[in-house]
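Me: I would like to learn how to read a few features of a structure, one at a time. Could you walk me through them with the model in view?

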Amino acid sequence: MQSRAAAIRHQTEIAGAGSAKRRWAALVVLMLPVLLVSVDGTALSFAVPLISAALDPTGTQLLWIVDVYPLVLAGLLVPMGSLGDRIGRRKLLLIGATGFTIVSALAAFAPSAAYLIAGRATMGFFGAMLMPSTLSLIRNIFTVPGERRTAIAVWAAGFSGGAALGPIAGGFLLEHFYWGSVFFMAVPVLAPFLLLAPILVPESKDPNPGRVDPLSIGLILLTMVPLVYSIKTFTHYGMSAPLTLLLALALVAGSLFVRRQLTEATPMLDVRLFKNPVFSGAVTVNLLSIFSQAGFLYFVSQHLQLVSGLSPMTAGMYLLPGLILTIASGLAVVPLVRHLRPGYTVALGLLCNAAAFALVAYAGPAGWDLGLVIAFGILGIGVGAAETISNDLILGAVPAHKAGAASAISETAYETGSVLGTAVLGSILNAAYRSHIAIPDSLTAAQAATARETLGGATHLADGLDPSTAALLMESAHSAFDSGVLITSIIGVVFMLIAATIAWRSLRTATA
């Protein structure tokens, strides 16, 4: 009897289940590092035009400034999830939050695009400690499925809330200070987290964690980095022998990683989880849903500022309704799945994403800003529903002690979708822009190269030209950019229809 009572007390401590009030207080604290990451992501997307003007990056460098953070993150989420299982998820969360904030502040003073890329990569290293830890702690704190689903909805709402705050707070800073000011927003979020987390958030570990395997870490990085670099380079220069070799390297490294995990007694990543069709389907949906949102934000933030001429803060306010709808949708879908199967709910959300891209295909080239706002609202409804339910299905498909591995996979899909959304859609957009822009004959070769690289580069260049030449250049640049928006929107529709089909087929047996 005493042994059983001790086991119950131990489980209560692990789950943080002293009281419902304490569980929800812990959840509030766990939202702070989520805000830390999400605010940074959307604020940076609105700083892209000013970064283009201040640091004069090439088109490829500009994509790397946006992408290197989630790229490093995606490569390290699995090993960091395993490390958190071993040393303690709360401990890793505290380390990651501290490092992320310090490096974020230092990135504000980057003197060149190369330095900023390096700073963003280092932020990715510490950021990889944050997201798997928050989800796995939620899985262990909230053991009742109904409570867990609500907690995950709040977690997703916190992420979306940070995304909503990023453009507004970032826009205010960008209008009154220099571009680097957006990186200081992480600082006021860190202080209360470091104070409250040791008090309110219970520590948890996996009793039998997979070992931190340097070879597996290397194989993950050798899979992700060449893959994304190849996508970026292909859209700029076309296919070449070196790119073919890089793609082959990514394929071989990915295959070796999977084989190694299957042969290890305690693998870093339990790839056998993918044998569960609900788990694998939810992970795929997670990736493709974020793919759509990241690609959308990449071009709509530039359109509103550089084509429509809105200030950063005004552009952020234009997107606020969509981000609020993302939060509302994530919360509203929790009671909905009691009456409608989760798979059907996710499929409907992804169809909303497809409808949003279809509207953008018309609204972007037509210069209809209200249409973009409506489209982002529709996208927000779809992403909020799909993300909440897919994350719940991922965590619910595994036992609690596997929460670290499952949340790492979920976050890897999330960040991979973020990388590929910007890399694929952003690179296609840039390629279409370069192929359609008409350069005035009066420009020098160097000026023409700057104008062709990015819309931000053309806008900055036009400020120093005579009015007639500047007007001619910007008319062509805006038209070229919107031709890219049309192409990427059509691709977005196709991807979302594929994702909805996957959700309907793989998740239809899942139950709430």
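Reply: Happy to. Keep in mind that this is a predicted model.

Me: Is L44 buried or exposed, and how do I tell?

Reply: Look at relative accessibility, where under 20% is the cut-off for buried. L44 has 1% relative accessibility, so L44 counts as buried.

Me: Which residues is L44 in contact with, once its neighbours within four places in sequence are left aside?

Reply: Its partners are then I51, I65, V66, R120 and F183. Sequence separation and spatial distance can also be read side by side: L44 and V182 lie 138 residues apart in sequence, while their C-alpha atoms are 7.0 Å apart in space.

Me: F183 came up among those contacts of L44. Which ring does F183 pair with, and how is such a pair described?

Reply: The general idea first: a pair of aromatic rings is described by the distance of the centres and the angle of the planes. Searching the whole structure gives ten aromatic pairs. In one of them, W179 and F183 have ring centres 6.2 Å apart and planes at 85 degrees, so this pair is edge-to-face. The cut-off for that label is an angle over 60 degrees. W179 counts as buried because its relative accessibility is 7%, and F183 counts as buried because its value is 1%. Ring pairs also bring in Y178, making a cluster of Y178, W179 and F183.

Me: What about the rings of F296 and F357?

Reply: Their centres are 6.0 Å apart and their planes stand at 75 degrees, so F296 and F357 are an edge-to-face pair too. This pair links distant parts of the chain, with F296 in helix α11 (residues 277-307) and F357 in helix α13 (residues 342-366), 61 residues apart. Both F296 and F357 are buried.

Me: Now for helix packing. At what angle do α4 and α8 pack, and how far apart are their axes?

Reply: Helix α4 (residues 89-107) and helix α8 (residues 187-200) pack at about 160 degrees, with axes 10 Å apart. Over 145 degrees is the cut-off to apply here, and α4 and α8 are therefore roughly antiparallel to each other. The crossing of α4 past α8 is left-handed.

Me: Which residues make the contact?

Reply: From α4 come R90, L93, L94, A97, T98 and T101, and from α8 come V187, L190, F193, L194, A197 and P198. By class, the residues of this α4 and α8 contact are nine nonpolar, two polar and one charged.

Conventions: Residues numbered from 1 in each chain as written. Predicted model: local features only at pLDDT ≥ 70, side-chain atom pairs only at ≥ 80, totals over all residues. Heavy atoms only, no water. Axes fitted to C-alpha atoms, helices over the stretch in contact; angles between N-to-C directions. Helix = DSSP H or I, 4+ residues; strand = E, 2+ residues; numbered from the N terminus. Parallel < 35°, antiparallel > 145°, perpendicular 65-115°, else oblique. Left-handed = near helix turned anticlockwise from the far one by under 90°. Contact = heavy atoms within 4.5 Å. Nonpolar A, V, L, I, M, F, W, Y, C, P; charged D, E, K, R; others polar. Phe/Tyr/Trp six-rings, centres within 6.5 Å; stacked < 30°, edge-to-face > 60°. Buried < 20%, exposed > 50% of the residue type's maximum accessible area, 1.4 Å probe, protein only.
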